[in-house]
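My notes follow the structure itself.

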Amino acid sequence: MLLTEVAAASAELAATTSRLAKSARLATVLAETAEGELETVVAWLSGELAQRQIGVGWAALRTVPAPAAEPSLTVTGVDAILTEIKGVRGVGSQARRAALLAGLFGVATPGEQVFLRRLLGGELRQGALLGLMADAIARAFDVPLAGVRRAAMLGGALPAVAYAARKGGADALAEFRLQVGRPVGPMLAQPASDVGDALARLGGRAVFEAKLDGARVQIHRAGDDVRVWTRSLDDVTSRLPEVVAATRALKVTDLVADGEAIALRSDRRPQPFQVTASRFGRSVDIAAAQGAQPLSVFFFDVLHVDGADLLDEPLERRAAVLADLVPAGQRVDRLVTSDEAEARRFLDATLAAGHEGVVAKALDAPYEAGRRGASWLKIKPVHTLDLVVLAVEWGSGRRTGKLSNIHLGALDPHTGGYVMLGKTFKGMTDSMLDWQTRRFTELADGPTDGYVVQVRPEQVVEIAFDGLQASTRYPGGVALRFARVLRYRDDKSAAEADTIDTVRAFHVE
């Protein structure tokens with residue numbers, strides 16, 4: 001299949017608002033895709049790469065060669081190039097990676113360039129979310145939707161599920177079972193405004209668990225063989241020997257468990273999140289040579305123990321099994337209560353210990369793998385900053401023709417300039433998009449027909465964010481985590497924006 005066919009389908013999906021129409025278009029593409037390319041196409045149209053990360057950031061995509069006039073790229077060929085880029089290592093790797101990327105974009109048509117830029121930049125917002133892709137797989141290969149969803153839940157990856165549906169139909173989907181050694185999609189939490197809101201939504205009684213400021217891990221053990229995956233199902237076993245050792249110390253033969261890996265100080269307070277995250281990107285030898293902080297692991301759920309699947313058991317039963325298996329010092333702190341004041345005190349104590357917040361969970365709920373279930377609710381404090389918009393990107397999908405993704409900067413009081421902290425398109429209403437398109441067109445400091453429009457640093461915006469992490473991407477050394485727009489501040493001038501010093505005060509070293 002030619003890349004241009006996938007790019008065209010992506011553009012059509014982005015321009016379509018009807019879920020049924022999107023599903024039908026996706027199903028047509030999947031049915032027409034060759035068997036050997038199906039998994040790649042499913043991943044791409046879900047906004048993901050089969051290779052996960054290839055070492056290409058947004059900065060490498062800002063300037064690309066002039067497009068080709070005629071399409072020549074194939075799905076298989078592009079996938080091979082992306083794999084080659086991912087494999088580049090050693091001296092001169094940056095230049096080699098840049099040359100491969102330039103070669104790819106140089107033979108891509110305008111539409112293909114747009115698709116590749118957004119795919120590689122993690123901004124392919126065309127509406128082909130996982131639920132919609134599951135619908136399309138069921139339609140394309142005439143299999144029950146429930147079977148697709150269950151297989152995806154247990155198999156952890158829709159590309160593999162699509163391949164099975166095509167090859168073996170419903171019978172092949174039924175073969176997807178919880179299997180030690182094969183990661184499953186993690187259950188995720190929805191937000192709640194506060195503990196009272198969470199209690200009301202969960203029936204008046206719930207378990208509150210500390211939400212540690214670490215990294216989610218899924219741990220599998222089969223005998224002495226232990227494997228560890230991230231939330232995005234990347235295998236990081238070789239990089240987390242402490243997690244492996246802690247799991248081997250448990251009195252169990254087979255295990256699938258959910259946990260959090262985290263770097264702690266000597267006083268048991270968490271290190272900055274980036275300290276933990278850095279362990280996931282370095283080999284053990286390099287980490288040891290650089291004096292990396294050791295990790296601790298805290299378990300909070302169990303899905304399988306010694307031949308018994310617990311996915312469909314209520315949380316209360318799973319928690320009891322976990323308590324029998326894992327020492328208290330290696331489990332997250334938890335409180336079962338119906339008392340809002342008691343839940344508030346637990347949240348306050350968790351925050352005072354340096355963690356993110358709490359997760360409230362229904363005691364009678366099963367583990368809904370791969371879903372953001374209504375029976376798990378996260379409660380976290382919200383920080384805000386008044387920042388300056390430095391640039392803005394043209395949107396896609398329902399935001400086509402609108403200036404959408406904004407680049408955010410803090411005032412540098414020492415130079416009078418601005419320090420970029422990240423980008424966001426979250427929190428924008430339709431009316432806000434209309435307003436900011438007019439506003440930033442007026443503030444444009446250069447051409448407006450490119451992907452990124454530079455603007456004069458005059459507009460202040462109030463941003464909510466969950467925290468900061470160290471960053472080598474941005475010149476200030478820190479980046480916002482989960483930033484979203486609250487409102488534009490026309491009552492403030494850019495000179496009154498928060499400074500980079502104020503921002504860094506949030507980033508406790």
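I first noted that two strands pair if DSSP finds at least two bridges between them, and that strands (E, at least two residues) and helices (H or I, at least four) are DSSP runs numbered from the N terminus. This is a predicted model, in which local features need pLDDT of at least 70 and side-chain atom pairs count only at pLDDT 80 or more, while totals for chains, interfaces and linings use all residues. Residues are numbered from 1 along each chain as its sequence is written, and side-chain values use heavy atoms, with hydrogens and water left out.

I looked up the sheet and found 5 strands in an open, antiparallel arrangement, ordered β4-β3-β5-β6-β7. Its edge strands, β4 (225–230) and β7 (308–309), each pair on one side only. Between β5 and β6 I found 9 bridges in the antiparallel sense, and Val 256 has His 304 in β6 as its bridge partner.

I turned next to helix α14 (residues 315–325), where the buried residues (under 20% relative accessible area, 1.4 Å probe, protein chains only) include Leu 315, Val 321 and Leu 325. The buried residues of α14 fall within an arc of 160 degrees seen down its axis, so they line one face of the helix; the arc is that of the directions from the helix axis to the C-beta atoms.

Last, I looked at Lys 361, whose charged end sits over the ring of Trp 376, 3.8 Å from its centre; this requires NZ of Lys or CZ of Arg within 6 Å of the ring centre and within 35 degrees of the ring normal.

Conventions
Buried means under 20% relative accessible area, exposed over 50%, partly exposed in between (1.4 Å probe, protein chains only).
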